[in-house]
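Here's a quick briefing on a fold, meant to be read with the model open beside it. Have a look at the chain below, then work through the notes topic by topic.

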Amino acid sequence: SRLDAGMIEFKKKPIDFAQFFDARCQSMWTAHHHEGVDFVMDNPYQQLVVDIDDQNLGIVIDQIMENATRHTTNGTVRASYEYTGEDIAMAFQDTGSGISEDRMKQIFERFVSSGGHGTGLGLAICHEITTQMGGKIRIKSEVGKGTIVWVSIPCKCTEMVRI
C-alpha cells in the first residue's frame, strides 16, 4: 500500500554493486537452499560502483533468490549481472518446479502465488519497486524445467574493475 500511495522514497547512493550482489545472493542461498542443488554466481567485476537505491533493490534480489532456492530441489540456481552502460541487468535462473502458463499470466498480480507457497505478494512488490525505480522485470518459466527472471535498473557507473 505504501508503494501504491507513492510513499516509498528511492534514495540513490554509490555502492559497490559487485560486493552487494554477491552478499545478497549468498545470504539468500545460505538461508533457503536444498541439498543436491548447486549455486552458481556469475560476477564479472572485482568492483562496480554505481549510484542506485540498494535498500529497495535488495528487497527485489532477496525475493527473487528466495523464490528460486525455495522452488529448486535439484539442479542449479544461477545468479548473474552485467552493467550495460545504462543499467544493471540481472538474471536469476533455476531448474526448479517452474510456473504454469495460467499462473504466468497473473504472476505480477497481488495474492497470486505459485503452487500455494507464500502470500502471493513477493513478485507483485518486486514488480512495483522495479517499475518505480525506472526499471523492468520479466519472467519466463516452464513447469518442470525452471524459471528465469530478468531485472534491469537504470544507474550510472562511477568505477569499474573487471575480473
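Two strands count as paired if DSSP finds at least two bridges between them, and with that in hand, Pro14 stands opposite Asp51 in S3. Helices (H or I, at least four residues) and strands (E, at least two) are DSSP runs, numbered from the N terminus. This is a predicted model, in which local features need pLDDT of at least 70, side-chain atom pairs count only at pLDDT 80 or more, and totals for chains, interfaces and linings use all residues. Residues are numbered from 1 along each chain as its sequence is written, and side-chain values use heavy atoms, with hydrogens and water left out.

**Overall layout**

- The protein chain has four helices and eight strands, in the sequence pattern β-α-β-β-α-β-β-α-α-β-β-β.
- Of its 163 residues, 45% count as buried (buried is under 20% relative accessible area, exposed over 50%, partly exposed in between, using a 1.4 Å probe and protein chains only).
- Contacts here are heavy atoms within 4.5 Å; of those with a separation of 6 or more, 72% are between residues 24 or more positions apart.

**The five-stranded sheet**

- An open sheet with mixed pairing runs in the order S2-S4-S5-S7-S6.
- Strand S2 (37-42) and S6 sit at the edges with a single partner strand each, so one side of each has no neighbour in the sheet.
- On average, neighbouring strands of this sheet are turned by 10° against each other, direction ignored (axes are lines fitted to C-alpha atoms, for helices over the stretch in contact, and angles run from 0 to 180 degrees between N-to-C directions).
- H1 packs on the sheet, touching S2, strand S4 (75-83) and strand S5 (87-94), and its direction makes about 170° with that of S2.
- H2 lies across S2, S4, S5, S6 and S7, at about 15° to S5.

- S6 (residues 136-142) and S7 (residues 146-154) run antiparallel, joined by seven bridges.
- Two of the pairings: Lys136 has Ser152 as its bridge partner, and Ser141 has Thr147.
- Three residues sit between the strands, and Gly144 in this hairpin takes a positive phi near 80°.
- Is Ser152 buried or exposed? Ser152 is buried, because its relative accessible area is 18%.
- Beyond its neighbours within four places in sequence, Ser152 is in contact with Asp87, Ile88, Ala89, Thr130, Gly135 and Lys136.

**The other strand pairings**

- S1 (residues 13-16) and S3 (residues 45-52) run antiparallel, with four bridges between them.
- S3 also pairs with S8 (residues 156-162), again antiparallel, over six bridges; there, Leu48 has Met160 as its bridge partner.

**H2 against H4**

- The axes of H2 (residues 54-70) and H4 (residues 122-132) come within 9 Å and cross at roughly 145°.
- On the H2 side, Asn56, Ile59, Val60, Gln63, Ile64 and Asn67 meet Gly122, Leu123, Ile125, Cys126, Ile129 and Thr130 of H4.
- That contact divides into seven nonpolar, five polar and no charged residues (Ala, Val, Leu, Ile, Met, Phe, Trp, Tyr, Cys and Pro count as nonpolar, Asp, Glu, Lys and Arg as charged, and the others, Gly among them, as polar).
- The buried residues of H4 pack against H2, S6 and S7.
- Just after H4, Gly134 takes a positive phi of about 85°.
- Asn56 touches Ile8, Glu9, Phe10, Ile129 and Met133, not counting residues up to four places away in sequence.

**The nonpolar core**

- The largest nonpolar core has 41 residues, and those with the most contacts inside it are Phe17, Phe21, Leu57, Met65 and Met90 (a core is a set of buried Ala, Val, Leu, Ile, Met, Phe, Trp, Tyr and Cys residues joined through side-chain atoms within 4.5 Å).
- Helix H1 (residues 17-32) gives the largest share of this core, seven residues.
- Leaving out residues up to four places away in sequence, Phe17 touches Leu48, Val50, Leu57, Tyr81, Ile88 and Met90.
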